[in-house]
Amino acid sequence: MDQSTIDIIKATAPVVAAHAQEITKLFYKTMFENSAEAKQFFNVANQSEGRQPAALANAIIAYATNIDNLGALTDAIELIAAKHCGLQVLPEHYPIVHDNLMIAVGTVLGDAVTPEIATAWSNAVNFLGKVLIDNEAKKYEAAMARSGGWRGWKNFVIDEVSDASTGVKTFTFKPEDQLVQSYEFTAGQYLSITVDLEGNGEFTSPRHYTVTSKPGEDFFQITVKHIEGGQVSSFLHNSAVGTVVRLSPPFGPFALTESSEKAGAVLLSAGIGRTPMTAFMHKLGASCIKSVHVDKNEPAVPFFSFFETQNEGKNEYYFSENGRPAATDIVTKLLAEVGTDRVFYVCGPTSFMMDTVHALVAQNVPKGNIQWEAFSPQLSCPV
């Protein structure tokens, strides 16, 4: 990217930031009208509730602000690229994004977008697109090279359904072609799934769910909480053994770090955020120093028996039917026991994640010792 482009983006970033959500809302509306095929990549709920436009607005602001220091966006780019791979975004989709984003910028900002500014933003969008395309190409190649790896969407059937807790079920998938595979992936990664909601052979409504089975098995498992009114969770909870779904290979950057075994890992979760912690627990063994989980009550806790067996004596629970205990209180008690030099893994609803991460940092846990996963669109860890 040339210096002129960088200078213009830096100079106009405040103006774009002030209108970022207006731009992103119009962008999605315009893109879906002009390119209906783009809808296949998006969760309708995240669109209707504004989470996806907000996440994209934050990404645009971060990109423009750091246009001369893209190293600061490494984690965000990894997250975006992993989500794109899970959804099977391809290089040919990027011009659709570019064209409709530029339409939205021009419409919202009007005459403020001079030809020079339009050219600079067009160059910047294309540059970032190339960064993501290159990153995603490497991820696709790595996913194919793993044992049992594949590219694109592949048909699997529900082989078994079991209860994980109140309102939560575990689904076991095996390939429809019945070819026995040993599926390798990294603990903490998620499968992307599409389902035939209407029974007409059209697989839609992509969702991401953490793989809760161990790497190396000849099946995949995901564990899904039933969401009232949720299309995909309702479909799965009402599905019988033999139902066909489509899966793309596991992706995602939420993974155990190399320092976990030496420093010791601490798992902090709430609700269905227990699922990646379960994946980690398969590998951690005695390296898990402590598991802390927040939920409504004991029957609501996913994998309660598994943790009591695998992590005996090192699990702590906070139960509340209404709301959650203050993150500061949980973290203060936890750190008094385990110290601040562990590796902390945090997963759960966005508010839980944000409150917990801020509480950890406020009590002198190094930011580099905190790993996180959120189940709604996020740009980066909130510290």
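Angles between helix axes of over 145 degrees count as roughly antiparallel, and in this predicted model the axes of helix 1 (residues 3–18) and helix 4 (residues 51–65) cross at roughly 155 degrees. Helix 1 and helix 4 are therefore roughly antiparallel to each other.

**Helix 1 and helix 4**

- The axes of helix 1 and helix 4 come within 8 Å, and the crossing that these two helices make is left-handed.
- On the side of helix 1, the residues in contact are I9, K10, A13, V16 and A17, and they meet I60, I61, A64 and T65 of helix 4.
- Sorted by class, this contact between helix 1 and helix 4 is made up of seven nonpolar residues, one polar residue and one charged residue.

**Helix 5 and helix 7**

- Helix 5 (residues 74–87) packs against helix 7 (residues 115–145) at an angle of about 60 degrees, and the axes of the two helices are 9 Å apart.
- Because of that angle, helix 5 is oblique to helix 7, and the crossing in which helix 5 passes helix 7 is right-handed.
- Helix 5 contributes I77, E78, I80, A81, A82, H84 and C85 to the contact, where they meet L128, V131, L132, N135, E136, K139 and Y140 of helix 7.
- By class, nine nonpolar, two polar and three charged residues take part in the contact of helix 5 with helix 7.

**Helix 12 and helix 13**

- Helix 12 (residues 327–338) and helix 13 (residues 350–362) have axes that come within 9 Å and cross at roughly 45 degrees.
- That angle makes helix 12 oblique to helix 13, and helix 12 passes helix 13 in a right-handed crossing.
- The residues of helix 12 in this contact are A327, T328, V331 and L335, which meet D355, T356, A359 and L360 in helix 13.
- By class, the contact of helix 12 with helix 13 holds five nonpolar residues, two polar residues and one charged residue.

**The cavity**

- A search of the whole structure finds one cavity of 30 Å³ or more, and the space in the largest cavity amounts to about 30 Å³.
- Divided by class, the lining of the largest cavity has six nonpolar residues, one polar residue and no charged residues.

Technical notes: Residues are numbered from 1 along each chain as its sequence is written. This is a predicted model: local features need pLDDT of at least 70, side-chain atom pairs count only at pLDDT 80 or more; totals for chains, interfaces and linings use all residues. Side-chain values use heavy atoms; hydrogens and water are left out. Axes are lines fitted to C-alpha atoms, for helices over the stretch in contact, and angles run from 0 to 180 degrees between N-to-C directions. Helices (H or I, at least four residues) and strands (E, at least two) are DSSP runs, numbered from the N terminus. Angles under 35 degrees count as roughly parallel, over 145 as roughly antiparallel, 65 to 115 as roughly perpendicular and the rest as oblique. A crossing is left-handed if the near helix is turned anticlockwise from the far one by less than a right angle, and right-handed if clockwise. Contact means heavy atoms within 4.5 Å. Ala, Val, Leu, Ile, Met, Phe, Trp, Tyr, Cys and Pro count as nonpolar, Asp, Glu, Lys and Arg as charged, and the others, Gly among them, as polar. On a 1 Å grid over the protein atoms alone, a cavity is a set of points where a 1.4 Å probe fits but cannot get out, and a pocket is an open set with protein on both sides within 12 Å along at least five of seven lines; lining residues have an atom within 4 Å of a point. Grid points are joined across faces, edges and corners, and a volume is the space filled by probe spheres set on the points.
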